[in-house]
Amino acid sequence: MNRIAVFASGSGSNFQAIADAVGKGILQAEISLLVCDKPGAQVIERARKLHIPIFTFVPNTFASKAHFEKEIVSELEAYNVKLIVLAGYMRLIGEVLLEAYEGRILNIHPSYLPAFPGKDAVGQALEADVAETGVTVHYVDSGMDTGPIIEQVKIPVRPGDTREMLQKRIQNAEHQLYPAIINKLLQKDTIGGLVQ
Ligand code: GRF
């Protein structure tokens, strides 16, 4: 079984979509671990309900990013995790994780990258008054939403769209796209060229 870990910091609607896809057999994988840097995040409750193991930590109680990432890597290795899936994990990945999981870390971003990287991509698109934005799944490198793009879809920005309306349209697309891409990559064993 393809063992994946999901990293999240917030509500976890993408975590839920991934878990639902696993439940339906659309995604042939097991979520072996949720990694969360916010002990009060809603995603933790979602994982609890599904009996998915959780590793939660408070970053500023560690001396550095390298220190907490070493802990994360130990957890990932203990669960024999093959692929890391970032789903609203609000931190840059550091050297320790990048080295341990090179080519095996994915992220989803709510824009058609390279447009609108970083925080509040939905707000950035509305502010820029563009006719379309999108969703991007990409490999993670040390930059902010800069890694190689795997798949993208375009999402229209409609006249009169509120932030909530646009966000909902984007999230619906994310919830379809991310599980499908994860499954495709795992089935093809194209994750960093590694087969376990
Ligand atoms: C998603 O829009 C994702 O693209 C971005 O963070 C958001 C997380 O939302 N990276 P959720 O916690 O999955 O609901």
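Biologist: Which helices and strands each supply at least two residues of the lining of the largest pocket?

Modeller: This is a predicted model, in which local features need pLDDT of at least 70 and side-chain atom pairs count only at pLDDT 80 or more, while totals for chains, interfaces and linings use all residues. Residues are numbered from 1 along each chain as its sequence is written, and side-chain values use heavy atoms, without hydrogens or water. A pocket is an open set of points on a 1 Å grid over the protein atoms alone, where a 1.4 Å probe fits, with protein on both sides within 12 Å along at least five of seven lines, and lining residues have an atom within 4 Å of a point. With helices (H or I, at least four residues) and strands (E, at least two) taken as DSSP runs numbered from the N terminus, the elements are α1 (13–24), β5 (105–109), α5 (121–128), β6 (132–139) and α6 (163–188).

Biologist: Which residues lie nearest the centre of the largest pocket?

Modeller: The lining of the largest pocket divides into 15 nonpolar, 16 polar and 7 charged residues. α6 gives the largest share, 5 residues. Of the 38 lining residues, those nearest the centre are Gly88, Met90, Ile108, His109 and Pro110.

Biologist: What pattern does the chain follow along the sequence?

Modeller: The chain holds 6 helices and 7 strands. Read along the sequence, their order is β-α-β-α-β-α-β-α-β-α-β-β-α.

Biologist: Is Ser111 buried or exposed?

Modeller: Ser111 sits in the loop between β5 and α5. Beyond its neighbours within four places in sequence, Ser111 is in contact (heavy atoms within 4.5 Å) with Phe116, Ala121, Thr133, Gly134, Val135 and Thr136. Buried means under 20% relative accessible area, exposed over 50% and partly exposed in between, with a 1.4 Å probe and protein chains only. At 0% relative accessibility, Ser111 is therefore buried.

Biologist: How many Å apart in space are Val157 and Glu132, C-alpha to C-alpha?

Modeller: Val157 belongs to the loop between β7 (149–156) and α6 and is buried, its relative accessible area being 16%. Not counting residues up to four places away in sequence, Val157 touches Leu126, Val130, Ala131, Glu132, Thr133, Leu166 and Arg169. Val157 and Glu132 are 25 residues apart in sequence, while their C-alpha separation in space is 4.9 Å.

Biologist: What percentage of contacts in the chain between residues at least 6 apart in sequence join residues at least 24 apart?

Modeller: Buried residues account for 47% of the 196 residues in the chain. Among contacts between residues at least 6 apart in sequence, the share that joins residues at least 24 apart is 63%.

Definitions and conventions:
Ala, Val, Leu, Ile, Met, Phe, Trp, Tyr, Cys and Pro count as nonpolar, Asp, Glu, Lys and Arg as charged, and the others, Gly among them, as polar.
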